[in-house]
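Hi,

Here is the model I promised to pass on. Have a look at it first, and my notes follow below.

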Amino acid sequence: MSAAVGSASEPLRRFLQVARGAGLRVSAAEGIDAARALDVIGFGDRVVLKDTLGLILAKTPDEKDLFDEAFDLYFKRDAFTGGGADEDEREPAEGQPNQGPQAGGDGMGGSSGQSLGSLLENDDRASLAAAMELAAREAGIENIRFFTQKNLYARRIQGLTRAERLEGRVEALRDAVRDFVERNLILFAKGETEKFREELLKSARLSNLERRDLDRMRVLVRQMAKRLAARYAKTRRKRLRGVLDTRRTLRRNMGWGGVPFITVWKQKRVEKPRVMVLCDVSGSVAAMAQFLLMFLYALNEALSDIRSFAFAGSLIEVSEILEKQPVEQAITKIMEMIGFGSSNYGNSFADFEDGWMKFVTNKTTVIILGDARGNRTDPRTEIMARLSQRSKRIIWLNPEYKSAWGTGDSDMFRYAPFCSLVTVCNTLRHLERAIADLLEDAV
Amino acid sequence: MNDLLPPGGTREAMNSIETVLRGLSGAGYIASQQIATAVYIADHLQKPILVEGPAGVGKTELAKSVATWLGLPLIRMQCYEGLDESKALYEWKYGKQLLYTQILKDKISSVIGETDGLAAALNKLHDFGDIFFSKHFLEPRPLLRALEEPGGAVLLIDEIDKSDQEFEAFLLEILSDYQVTIPEIGTVHAITPPIVLLTSNSTRDLGDALKRRCLHLHIGFPDEKLERQIIASRVPGIDERLLKQLVSFVQQLRMIDLKKAPSVSETIDWARVLVLLHTAALEVDLVRNTLNVLLKFEADIEIANKQIAGLTHKARADAGIAV
C-alpha cells in the first residue's frame with residue numbers, strides 16, 4: 001500500500017478532510033482506494049479527477065451533491081493559493097489542477113522568509129495568499145469547527161506570519177486574514193456544525209421549532225423512520241426461521257426413500273402491527289401531530305396497515321389525504337379542514353365509535369396523540385373503555401409535561417386507566433422511542 | 001490481498017479512458033465520460049462497480065457491452081427476495097450422490113467385507129475420504145462459475161436491492177477478495193478476477209459494508225447530445241431530423257413532473273416505432289397515438305396529453321423545421 005500513497009498524498013489527505021467536514025463518511029479504506037486511483041489517473045484532467053474521486057467517495061445521491069460542492073470549493077481555493085490574483089479564476093477543465101497545491105508549496109518556501117506586512121506593502125497578493133496558507137497550516141486551521149473560533153484562528157495566523165506593525169496596513173492585513181479564516185470555516189466545519197444543529201433539533205420541543213428548521217426536521221424524521229424500519233424488518237425475517245417440520249420434510253423427501261435431502265422448516269407468521277392513530281390537531285398539539293403523521297407514513301414498510309384520524313371539535317379520517325399527497329401539502333389541507341378549533345374529546349371519540357369502531361380488532365394498536373384537554377366537555381370515558389376492550393392496546397402520547405396532567409381541564413388521569421401506556425412525548429427523540437417500543441412489542 | 005493480484009491494468013484493452021470509450025461504442029454502447037472512467041478505474045483497482053439509476057438507462061446493458069467488447073463470457077445473476085447461497089454459489093448434486101451410492105452398494109461388501117467389527121469397517125471407509133463431497137458432485141452456480149472461468153468473466157449481479165440483507169453480507173467475501181469458502185472443500189480463489197457489476201434500482205438502501213467495497217456509479221438520464229448518439233447507434237438508418245425532434249421531445253417530457261419519466265430504453269422503442277411508421281416529422285396526432293410507448297402510466301399520459309401540442313412545436317423548432 002505504501003507504494004500507492006505517493007506524491008499525491010498531501011493534497012489528497014487534505015481534500016479527504018474537507019470531504020469529511022462536508023459530511024461525507026470517508027473510511028480509511030476508501031482513502032486508500034482514492035490514493036491508488038490517483039496513481040492510475042494522475043491529476044492531469046480535473047473532470048476525470050472529479051469523476052474518479054466521486055466514484056470512490058460518494059455513495060448516495062445526497063453524498064454526490066455534497067461531494068461536488070466540497071470538490072469545487074476545495075479546488076477553487078487551491079487555484080487561489082497557487083498563484084495569480086483571485087480575480088482570474090481558472091476554468092475548471094483547464095487541465096493543470098495539480099499545479100495548485102504544488103506551486104503553492106513552492107511559493108510558500110520562497111515567501112515565508114518575508115513578512116506578511118512587507119508583502120502587503122508590495123501588493124504581492126499571490127505570495128501573500130501563499131504565506132497565509134502556510135501560516136494557516138501551522139496554526140492547524142483544519143481543526144476549526146465553530147464560528148466562535150474565528151477570532152482565535154485569525155489571531156494565531158496573524159501571529160505566525162510575523163507581521164510588522166505597519167501604519168495603515170495592519171487593518172488591511174487583518175481583514176485579509178479574517179476573510180481567509182471564514183472561508184476555511186466553511187470548508188472544514190460545515191458538516192460538524194450541521195451535526196451539532198441536528199442533535200439540538202432532535203431534543204428540542206416540537207412546539208418551539210422555528211419555521212426555518214422545518215425542512216431539516218423533515219429530513220431527520222425520514223432518516224429516523226428509515227432506520228427503525230430497517231431494524232425491525234430484520235427481526236421480522238429472523239422470526240420466520242423456525243424449527244424442522246418433520247412431517248412435511250418426510251413427505252417432501254418421499255422420492256429418496258425418506259432420506260432428508262431437502263429440509264422443510266416450520267414457520268411462524270409474524271404480523272406487522274396494525275395501527276390506528278388519532279391525532280389532536282387543535283392549536284398547541286398541531287406541531288406534534290404533524291411529525292407523528294410524517295413518522296408513521298415513513299414507516300410504511302414496517303407497518304402493514306395504518307389509518308389516521310384527525311380531530312379537534314369532531315373527528316374525520318385523513319388516511320387518504322395523507323397517502324395521495326405529499327406530506328407537507330396533506331398536513332396543510334388537514335389543518336384547513338379541521339384544525340385549530342378547540343378540542344372536544346368526548347365528541348370526537350363518539351364520532352370514532354360511530355364510524356370506525358367496527359374496524360378495531362384485537363390486533364389493532366390505537367395511538368392517541370393529544371393533551372387530553374377537552375375544554376370541560378364530557379370526556380366520555382365509557383367509549384375509551386369499549387375501545388380498550390376491543391383493541392390490542394392503547395398508547396397515549398401527551399406533549400405536556402407530567403406535572404401538568406390533571407390540572408385545569410386536563411382529563412389525562414381519567415383516560416389513563418384504559419391505556420396500556422401513557423407517556424410524555426414532545427421531542428423527536430421521544431417520538432422515536434415511542435414508535436420503537438410499538439414495533440418492539442409487535443415482533 | 002491487493003498485493004497478491006497483479007498490478008493494475010490487467011487487460012491490454014484498458015490502457016486509457018479513451019480506449020474504454022471507443023471499445024464500448026464498438027460494442028454498441030455509447031458511454032458518457034463518467035461511465036468510461038468508472039470502468040477504467042474498476043479494472044485498475046480491481047473493484048466491483050455498483051451501478052444505480054432509474055430503470056431503463058442502460059445499467060444491465062453496460063455489463064453486456066463490457067463483456068462483448070472484451071470478448072469475455074457474461075455471467076448474470078438475477079437477485080430476488082429469498083435468493084440464497086445454494087442458488088447463487090453452489091449446490092450439491094443430491095440426485096447424483098444418491099445414484100452413486102445406490103450403484104456402489106454392491107461394491108461395499110468387497111471394500112469392508114473382510115473386516116471384523118464396526119470400528120474397523122468405519123476406519124476402512126474413512127480411508128476413502130470425502131469422495132461424495134468433492135468437486136464431482138458440486139453444481140456451480142453463477143458466482144462460483146465466474147470465479148472458475150480461466151480467462152476471467154464479466155459477472156453481473158442484477159438488482160441487488162431485491163435480495164435480502166443476509167445475502168448482501170454473503171457477497172462481501174467475493175466482492176473484496178474474489179474468493180468464496182465452501183465448507184466441505186475449502187476456499188476457492190478466482191483464477192482471473194472477474195469484472196463485477198452490481199445494479200440497483202434503489203428500492204432499498206444497501207448496507208454500508210457493500211457500498212464501501214464498490215465504486216459507486218450513478219447513471220442518470222443522458223443529455224441531449226449523448227442521447228442522440230445512443231439512438232443513432234441503436235436505431236441505424238434513422239433520419240437525422242427526426243432524431244433531433246424525438247430526442248428534443250423526450251428531453252422536454254422529462255422536465256414535466258411525471259410518475260415515471262421516460263427512460264433511454266423507451267426513447268429507443270419510440271424511435272423504432274416512428275421509423276416503422278415511416279415518420280418524416282413529428283405531428284401532434286402521431287405523438288398522441290404513440291405516446292403509450294413512452295409513458296407507462298395512465299395518469300402520466302393524461303398529464304402529457306395536455307402539453308403535447310406545445311412540446312411538439314418546440315421539438316420541431318429545435319430541429320429547424322418550419323412550423
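Chain A has 18 helices and six strands (helices are DSSP runs of H or I with at least four residues, strands runs of E with at least two, both numbered from the N terminus). Quick housekeeping: this is a predicted model, so local features need pLDDT of at least 70 and side-chain atom pairs count only at pLDDT 80 or more, while totals for chains, interfaces and linings use all residues. Residues are numbered from 1 along each chain as its sequence is written, and chains are lettered from A and ligands numbered from 1 in the order in which they are written.

Confidence in chain A

The mean pLDDT (the predictor's confidence in each residue, from 0 to 100) is 73 for chain A, with 70% of the residues at 70 or above. Helix α16(A), residues 381-390, does best with a mean of 91, and helix α5(A), residues 99-111, is lowest at 37. Residues 79-113 of chain A are below 50, yet this stretch has 53 contacts in the model beyond near neighbours in sequence (a contact means C-beta atoms, placed from the backbone, within 7 Å). Residues 1-7 of chain A also stay under 50, with seven contacts beyond four places in sequence.

Packing

Of the 443 residues in chain A, 38% count as buried, i.e. 20 or more other C-beta atoms lie within 10 Å of the residue's own, against 12 or fewer for exposed and in between for partly exposed. Taking chain A contacts between residues at least 6 apart in sequence, 71% join residues at least 24 apart.

Leaving out residues up to four places away in sequence, L246(B) touches W270(B), A271(B), L274(B) and L282(B).

Five strands of chain B form an open sheet with parallel pairing, in the order β2-β5-β8-β1-β9 (strands pair if DSSP finds at least two bridges between them). Its edges are β2(B), 74-78, and β9(B), 215-218, each pairing on one side only. Between β2(B) and β5(B), residues 154-158, there are five bridges in the parallel sense. Q78(B) has D158(B) in β5(B) as its bridge partner.

Cheers

How values were computed
Contact = placed C-beta atoms within 7 Å.
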